[in-house]
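Dear colleague,

Please find the structure below, handed over for your use.

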Amino acid sequence: MNDTKNGYVTVLWEASAKAGREAEMKAFMTAAVTPSRNDLGNIDYEAHEVEGQPGTFIIYERWENRIALDRHLNAPRMQELVPQLLELMEGSIEEGIRLLHPFRPVQ
């Protein structure tokens with residue numbers, strides 16, 4: 001993951017719940033959002049459920065820089081949450097990660 005020109009890092013993460021665990025995963029993610037918003041260097045941290053696709057979730061995150069993102073990912077709280085999340089979701093966490101790099105038209 002690379003910092004953007006102005007320093008911030010944007011992450012889009014998508015995950016789907018295992019069949020029958022949709023509500024459980026939504027509750028789990030709801031509980032995890034607020035602490036992440038309070039992490040040092042967080043700009044935005046928003047959880048969404050995809051319309052028409054119950055159990056498919058997207059988290060949009062923006063961090064001041066890569067150091068802030070790494071600090072978030074390596075926080076003891078996050079290390080504890082990962083095994084619990086893997087029990088609820090299909091596939092791996094890494095499969096759903098996308099980095100966004102902003103661009104603007106030349107003025």
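**Salt bridges, a buried residue and the core**

Glu24 has a relative accessibility of 41% and therefore counts as partly exposed. Please note that the model is a predicted one. The side chain of Glu24 forms a salt bridge with that of Arg21, with N and O 3.0 Å apart. Arg21 is likewise partly exposed, at a relative accessible area of 24%.

The structure holds seven salt bridges. Another of them joins Glu46 to Arg37, where the closest N and O atoms are 3.2 Å apart. Glu46 has a relative accessible area of 35%, so it is classed as partly exposed. Arg37 is also partly exposed, with a relative accessibility of 37%.

A further salt bridge is formed by the side chains of Arg62 and Asp44, at an N to O distance of 3.0 Å. Because Arg62 belongs to strand 3 and Asp44 to strand 2, this pair ties together parts that lie 18 residues apart in sequence. Both residues fall in the partly exposed class: Arg62 has a relative accessibility of 21%, and Asp44 has one of 25%.

Asn42 deserves a separate paragraph. Asn42 is found in strand 2, which covers residues 42-49. Is Asn42 buried or exposed? Its relative accessibility is 16%, and buried means under 20%, so Asn42 counts as buried. A polar atom of the Asn42 side chain lies 3.0 Å from the backbone oxygen of Asp44. Leaving aside residues up to four places away in sequence, Asn42 touches Ser36, Arg37, Arg62 and Trp63.

In soluble globular proteins, nonpolar side chains tend to be buried together. The largest nonpolar core here comprises 23 residues, of which Trp13, Met25, Phe28, Met29, Leu85 and Met89 touch the most other members. At least two core residues are supplied by each of strand 1 (9-16), helix 1 (22-37), strand 3 (56-63), helix 2 (66-73) and helix 3 (76-88). Helix 1 provides the largest share, namely five residues.

Which residues does Met89 touch, not counting those up to four places away in sequence? They are Trp13, Ala15, Ser16, Ala17, Lys18 and Met25. Among these, Trp13 and Met25 are themselves named with Met89 as core residues that touch the most other members.

With kind regards

Note on methods
Residues are numbered from 1 along each chain as its sequence is written. This is a predicted model: local features need pLDDT of at least 70, side-chain atom pairs count only at pLDDT 80 or more; totals for chains, interfaces and linings use all residues. Side-chain values use heavy atoms; hydrogens and water are left out. A nonpolar core is a set of buried Ala, Val, Leu, Ile, Met, Phe, Trp, Tyr and Cys residues joined through side-chain atoms within 4.5 Å. Buried means under 20% relative accessible area, exposed over 50%, partly exposed in between (1.4 Å probe, protein chains only). Helices (H or I, at least four residues) and strands (E, at least two) are DSSP runs, numbered from the N terminus. Contact means heavy atoms within 4.5 Å. A polar contact is a pair of N or O atoms within 3.5 Å; within protein, one must be able to donate a hydrogen and the other to accept it, and residues adjacent in sequence count only if both atoms are side-chain atoms. A salt bridge is a side-chain nitrogen of Lys or Arg within 4 Å of a carboxyl oxygen of Asp or Glu.
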